[in-house]
Amino acid sequence: MAGFRKVLIANRGEIALRIHRACREMGISTVVAHSTADSDAMAVRLADESVCIGPPPPRDSYLNIPAILSAAAITGVDAIHPGIGFLAENARFAEMVEEHGFAFIGPSPEHIRIMGDKVAARTAMLAVGLPCVPGSDGTVDTVEQAADLAAAIGYPVLVKAAAGGGGKGMKVADDADHLASAFSLARSEASAAFGDNTVYLEKYLEAPRHIEVQILADTHGTVVHFGERDCSLQRRHQKVIEEAPSPALTEAQRRDLGALAVDSVRRLGYRGVGTLEFLYQDGAFYFIEMNTRLQVEHPVTEMLTGIDLVREQVRVATGEPLGYGQDAIGFYGHAIECRINAEDPRTFTPSPGRIDSYHAPGGLGVRVDSALYDGCRIPPFYDSLIAKVITHGTSRTDCLLRLRRALEELVIEGVSTTLPLHVDVIREPEFAAGDYTIHWLESWLERQD
Ligand code: MV4
């Protein structure tokens, strides 16, 4: 297919704006589908067209498939970009988009479906030669089976929900005495959260880092990677700060990890952007999950490589060949992203409301992805992410100095934000040294009075 003429953006907030910007630069008209709570949103204002798809609750608007497909049909778009969250990893939605004659800007429904099932993802990745955490070969259906496996792998073990992700339906068993309870707890939690009590088992890694690899595949067999991001700084499975490159890896590890990711994705026949999540501990990588969408933290990679990942994502969705290989992708310096949420910085209680004053930092090496403006309203119905501050520097030290300066310039008045938390965290010597695991932030928060 020739390039898209018009794209429908089925999302909101900063990511809807991010996608609009990429389309605009490519000469593609945009239609933003929005709820009644977002009528005055920045992306709606900047888009060529907008369509209201329903009332504020996500079920009725951003997850309302018939309303979104109707908006696409009425406005005559060629493609639908699902953004992040909402329907971005809904295989049935991707399928329906294609059945209605639109291109889905994302992977095939089949690949979304496989990666949405963590057991299927693990099986698929093992089959293409990716190292996974030692664990079960498929699902674990009885507590006896779990106990036999755990004894073979060695404790501690982790019982995980196949439909999981985000930590729900995940239970650690430190020893054989605690296995039965972990098994039944994980099962019932999975059942309640996903309506699916299927579980599997893995060796529990006690203090890993979370390192993910950004990949991109066209429909002609070209696959490249854009390096890794270290996303270990998180609270309750919500990422808070991400950086690239990971302070924990050597150049040789980085090259090997990238090559491993590219090779497995090529063998899968995947298309589009994707992220392979790994746990890294004691010098070894273990694949855990794959995200079949653009990610919130993609700007970190864009700052490092100078490549517009959304543009590339849209381009490969048209069937256009990538036109370059791994050798064309360079990695320069260091980038760090702080996610600013409209939340109390101590309790993390959401803080919706009116933005009375907004001033974004600027200058060399500073990027702010945000849909805020003076007087805008943060609705209470959605995710509380309101701004991403990303800085770049020739070294990690320079990047951090610039980040401190950028955060000092940022002004957001009218709602509480997590800005003060970021200011404090990036001053910590352990963070400054790059010395942290997935548990560091939560233990740091506990130590704050
Ligand atoms: C693990 C793990 C330790 N060992 N798997 C959390 C959610 C899901 N995406 C995978 N998760 C984990 N899987 C094994 N075998 C620890 C976590 C984990 C985690 C992973 C990445 C980022 C933050 C985390 C916080 C707590 C637990």
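Which residue just after helix 11 takes a positive phi? The views below, of a predicted model, include that residue. Residues are numbered from 1 along each chain as its sequence is written, and side-chain values use heavy atoms, without hydrogens or water. In this predicted model, local features need pLDDT of at least 70, side-chain atom pairs count only at pLDDT 80 or more, and totals for chains, interfaces and linings use all residues.

View 1. Nitrogen atoms of the ligand lie 2.8 Å from a side-chain N or O atom of Glu202, 2.7 Å from a polar backbone atom of Lys203 and 2.9 Å from a side-chain N or O atom of Glu289. The protein covers 91% of the 520 Å² of accessible area (Shrake-Rupley method, 1.4 Å probe) that the ligand has on its own.

View 2. Among the 16 residues here, Lys160, Glu202, Lys203, Leu205 and Glu289 come nearest. Domain 2 (134–203) and domain 3 (209–448) each supply at least three residues; the domain bounds come from an automatic or database assignment.

**View 3. Helix 11, residues 309–317 (a DSSP run of H or I, at least four residues).** Leu309, Val310 and Glu312 are among them.

**View 4. The ends of helix 11.** At the start, a side-chain oxygen of Asp308 comes within 3.0 Å of the backbone nitrogen of Val310. Just after the helix, Gly319 has a positive phi of about 95 degrees.

Key: Near = heavy atom within 4 Å. Polar contact = N/O pair within 3.5 Å; in protein donor to acceptor, adjacent residues only side chain to side chain. Buried < 20%, exposed > 50% of the residue type's maximum accessible area, 1.4 Å probe, protein only. Helix = DSSP H or I, 4+ residues; strand = E, 2+ residues; numbered from the N terminus.
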